[in-house]
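The stops below follow one another, each with something to pick and look at.

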Amino acid sequence: MYASDIKRGGGVKNWSTRIYQKYRSFQVLASSSSSKVPFTISIKKKVSFGESIKAVGDLDIVGKWDISKGVDLKWGKGNHWTSTVEVPVGAPLRFKLVVVGEQDSVWEQGEDRKVTALGPDYGLKMSCEWGNTEGDVVESFKLVDNASSSQAGGHSSTHSASSSQSKVREEAASASSSQSKASGSSTQSTAVLERAAVSTSTSGSTAGTMSTYEEEARGAGHAWVGTEPEFVRSKKEWGPKERVNNKEGLSGVALELVTRDDKSENWLSKLDLVKTMLVDKSPMKRPGSEVMAAAYIYTTWINTGAIACAESRSHYRPNHHADLAMEMFRSLEWVIGDTSSLYSPKGTTTSPTQLAAAVMAARRMHARLPSISGEFRQSVPLTRIRDIAHRGDIPRDVKEEIKHTLQNKLHRCAGPEDLVAAERMLKRITAVPGEYSQPFVEEFKIFMKELREFFNASGLEELLARTKDGLEEQHLSALMQFQAAKAKVESSNKASVDDLMTLLFSATQARTFYVSQLSGGLRNDTTDGLLENRQRWRLADVRLEEYCFVVLSRLVNALEEQGGSGLLSKAGNQAWALPLSALAAGLRNLGLSQFRAKELLLLENELQAWHNAAPLVNSGRDNALRAKASLDRVMRVAAEYSDVVMKLYTMPASDLGKGLGVPSHMASVFGESEVRASVAFQVSKLAALMSKALRMASGQSAWDGLVTGMAVGTLREVSSLNPASVDAIVAELKGHGNGGAHSSTSQPPGFILVVAGAEGDEELGPLVPLGLRGVILRQELPHLSHLGVRARQEKVTFATLDDAEQYNQLVKPLLGRTARLEVLPGSVNLGPASDEDSKKAGKLADVQKHSSVKSESSTAGSGSEGWSGAQRITSATVVPLSKATVSTCGSKSAKCAELERLAVTSGGLFKTAKGCCLPFGTMDLAIAAAGKDVANKYKALLDELDSPSVTGLKLDDACKRMEELIRQLQLPGALLEKVRSGFQGSDCLLAVRSSANVEDLAGMSAAGLYESVVGVKADDPEAVRAAAAAVWASLYTRRAVLSRRTAGVPQHAATMAVLIQELHCPQLSFVLHTARPSDGNTGVVLVEAAPGQGETLAAATAGTPWRFEVEKRSGKVDTLVFANFSRALQLVPSRGLVEVEVDYSKQRVTVDEEYRKKTAQRLAAAGSSVEAHFNGEAQDIEGGLVTKEGEFAAHTEAEADLYIFQTRPQL
């Protein structure tokens, strides 16, 4: 949460001001570059007689660090020193305060004070404390434009509104610029705030109604879809509930809710149902994400009338509703403020994603509850309607309707339908001015305001005005700035982008203060009065977030109208300032909602760094690609938000919708509606617009080819390539014969898969014999990932497409049709297939099939280089790495031994990790030592796995039982001690890796197929044993078994050695291919690198690596892609290997062009050396750059050791 950043930054005033300054530092626009605004500096300090205080800094106005030319501060009563200067807009000002005496001068200690003018419409005031240069309090205030208030006539109504708003802004500016005092100041600002809430409302509208911006912010989730209210003039008899809920097919939370709803007719009983689930039945009164999601969906449908609240014969005043809301409010706040205490239904701690989901639902849930204000919890609330119903100045029929439709209904069985009925009545009595008594109308308006407050349905400004109690002066000032900006934009027919930006910044700033007020968490003994304020602050937080969504939407539309990506692709940094600023504000809002907060802060740093460093376009391709990497990362975070929301709401909404009889269209789009109404949705659109512009500027394609070739087949779409999806495809295709339903003569016996997402460990092998010809993956993927390697091994044409617009235009129309995918070096083409394409594809498939059979045949030979040449030991031993051979320890270990020898003669080109091996047969000895029962179970399971008839769930079960059996195997203590003695130091960590006879072979890489365990303590025998057993067990995973079946390798022939090496934790990991993988070009080395451990690269973690091509002859480096992985796996003292967020503005490979070039060349040189050693055969090499201190970004290239961890023949 951002609260931790607030505390580290010295408090909310200091922190929020820095944020606002950071945003505005982007906006150096041409329209304001020559403007100046007043900047007042003040400090309270006692000095000796004859001394004075000056401000001295880097600009002319403060003397350019020359004390004699600095600005003199004037002394005032109480030792207050002040001075006002005119500062240029957009130019950062750095200065310090100096006490100037007759003999010498004393500079204050600490960093320079920094400030940037917010824009031509805002002045600044800084209150300083001597020596505390990090704790400045900066206030901004709207400058009054006198010219705008003296326009000529002809627009009287507009002029009147403008004058009113101008007066409010003048008062706000006056309050902001006045000296803060212990008393009186807060009262003055509060008064201005209250006047602003009234004066800036839409002219002619009824009290408390929402502006168009606010209505849009509330969205469809608040629109009434229930039946229209029936106005009655006498007591109505209510019958029993007509509908019985449908419980068929439901279970868990959905079943409980639907069952209890059957007996909950009115709003109070439905609220009690929700309270029971959220509070009474949740561990520690902290509901998990599943319960939160169901409650939010349920209450949303209640509040909009999709689920009707029937009037029962009970008699409960609205104070009972408020009391229930009070209990639920506490639980929701505990969920938001103390997510570490959340538990799943089984009592296990929930995952980070579940925590994020629970917080999302809890925040949104607040707006679905009634108010907990004391006026509504008193025994007889909302009494005004009773007095109105007994007035003598209204017609009898209206009086009866008010009495029976509103008064009696509210006081015995209140519900959301009452708010709708009251709204309709207000509209009716104000439709014709003068038709009804004005005192009656005004009294009804007051009642309407109270009723909206009870239902938490007030307008945004009314809500903000009620939050004033307990707010500090700076917060009140921020609210006034927001309201002034809001009034200006909403009174304009078409607001300018500058005004929209000011509104977005001020709304974000105001929201920041509310979040800071809420950041302390909720104590169990919090008083009711504090809870009331807290609910208003939480509602203000949520409503301002919704409002920022609308402003961002307007900004995105405005940017698109101005030319969008096309214009930005040719624009200078001044034009980029505005969309980057808007994006920064969007990220801030997303983070304030407690989603990926830390990563979003780092992304803000990156975007600002790239914008400040150099023009993003027309200044070199690298600058555009670097910024694009950050923008793509932004889109990925937004997509993660979308995924969490969809997973949180989609299935529960479907189940609850069926059970409760909600229209199917409302249930089916619930999750999508939540996504499209989120700030993340607008952030994604804005980032996509800018990313496309940078792609255009850099000449980069949205397509990326991993495996060249031409594929023709029916285009099929799947969500993933996980085992369940692959099994489903296999079952379908086998049910229709080879090629599936598309095996007729009119279509080629093949298909191309469009895959939504991949994790990197997927297998393509089972699909190839059934006609898989190509893959289009809708995300970026490291070329040298395991999935990429397997695609090349299977000769499956493979491309990625990371652009939703092109997917909709090019791919989606071809789904279900026969398509042609052609991947060439540097280009990818997709289109409808012709008959000639089908013929060519058929011939190519035959050639590939023949080549594959030949390759498998050669690989399966009986020579020592094949899997059949393994020699299993008969007595336990540890083999030093230098003596490892293919026949005793596997190809991987043997290659590491060769690398060790090569490193010695490389002249310091690279190093290797020392290690040892548990050779082939060690596992067999452990099985024999475990006894006959274990040995018999192992043999029976192995026979089961070798049977081709064992598939599907039977195979899953057999693999699981085999893995469990192997993981329990023990190793002799003497053997473990021998392993430990080979490594020095009590803090030595190990990497325990697979080295099977069926991996790292020509034609059978098995990349990523088997287990590696990193971070194992060398002096912990049990940890070493468990790691070795885990590596052995990975020989029998479902994927491994299927892979060997596809390759024609018997299961009993597979054996596993264990390679144990000292763990070196690189600050940068890399994979090298000494020939270009896509076309086999041997003249270049392809380098992919990522921060931290190499698992990030191998597992196809979401994101992109640094990708370089280095020409072997000339050493020319071409940067193809910049890294943007969100997290890196790094070694942290006392914590071991942990994931940490990456700030690429501090990664030297990203920021330093010369270092980037030298690093790529150094890696390529090492790769070429290894390739030459293996007789010029192209190699797939893994390694890392390691520094002793572990902080890679701060070290020079000479201080980083280059380690090569393994090499295998490149496929």
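Which residue of S30 stands opposite Gly1183? Select Gly1183 and look across: the residue opposite in S30 is Ile1204.

Before moving on, note that this is a predicted model, where local features need pLDDT of at least 70, side-chain atom pairs count only at pLDDT 80 or more, and totals for chains, interfaces and linings use all residues. Residues are numbered from 1 along each chain as its sequence is written, and side-chain values use heavy atoms, with hydrogens and water left out.

**Stop 1**

Helices (H or I, at least four residues) and strands (E, at least two) are DSSP runs, numbered from the N terminus. Two strands pair if DSSP finds at least two bridges between them.

Now show the whole sheet. It is open, has six strands in the order S26-S25-S24-S23-S29-S30, and pairs antiparallel. Strands S26 (1117-1121) and S30 (1201-1209) stand at the edges with a single partner each, so one side of each has no neighbour in the sheet. Neighbouring strands are turned by 20 degrees against each other on average, direction ignored. Those angles come from axes, which are lines fitted to C-alpha atoms (for helices over the stretch in contact); angles run from 0 to 180 degrees between N-to-C directions.

Select 1068-1073 and 1179-1186. These are S23 and S29, an antiparallel pair with six bridges. Ser1069 stands opposite Gly1184 in S29. Seven of the eight residues of S29 are buried, so the rest of the structure largely encloses this strand. Buried means under 20% relative accessible area, exposed over 50%, and partly exposed in between (1.4 Å probe, protein chains only).

**Stop 2: the seven-stranded sheet**

Next comes an open sheet with mixed pairing, ordered S11-S15-S14-S13-S12-S16-S17. Its edge strands, S11 (703-707) and S17 (827-832), each pair on one side only. Select 709-718 and 818-824: S12 and S16 run antiparallel, joined by six bridges. Met710 stands opposite Glu822 in S16.

**Stop 3: two helices**

Select 396-413, helix H13. Its 18 residues should span 26 Å at 1.5 Å a residue, and the end C-alpha atoms are 24 Å apart, which agrees. The expected span is 1.5 Å times one less than the number of residues. Centre the view on Lys403, where H13 has a kink of about 35 degrees. The bend at a residue is the angle between axes fitted to the seven residues ending there and the seven starting there. In H13, 13 of 18 residues are buried.

Jump to 597-613, helix H22, which has 17 residues and reaches 24 Å. Of these, 12 are buried, including Leu600, Trp610 and His611.

**Stop 4: rings and charges**

The structure holds 19 aromatic pairs. Rings of Phe, Tyr and Trp (its six-membered ring) pair if their centres lie within 6.5 Å; planes under 30 degrees apart count as stacked, over 60 as edge-to-face and the rest as tilted. Select Phe39 and Phe95: centres 6.1 Å apart, planes at 70 degrees, so edge-to-face. Both are buried.

Then select Trp267, Phe376, Phe454 and Phe455, which form one aromatic cluster.

Finish at Arg778, whose charged end sits over the ring of Tyr807, 3.5 Å from its centre. The criterion is NZ of Lys or CZ of Arg within 6 Å of the ring centre and within 35 degrees of the ring normal.
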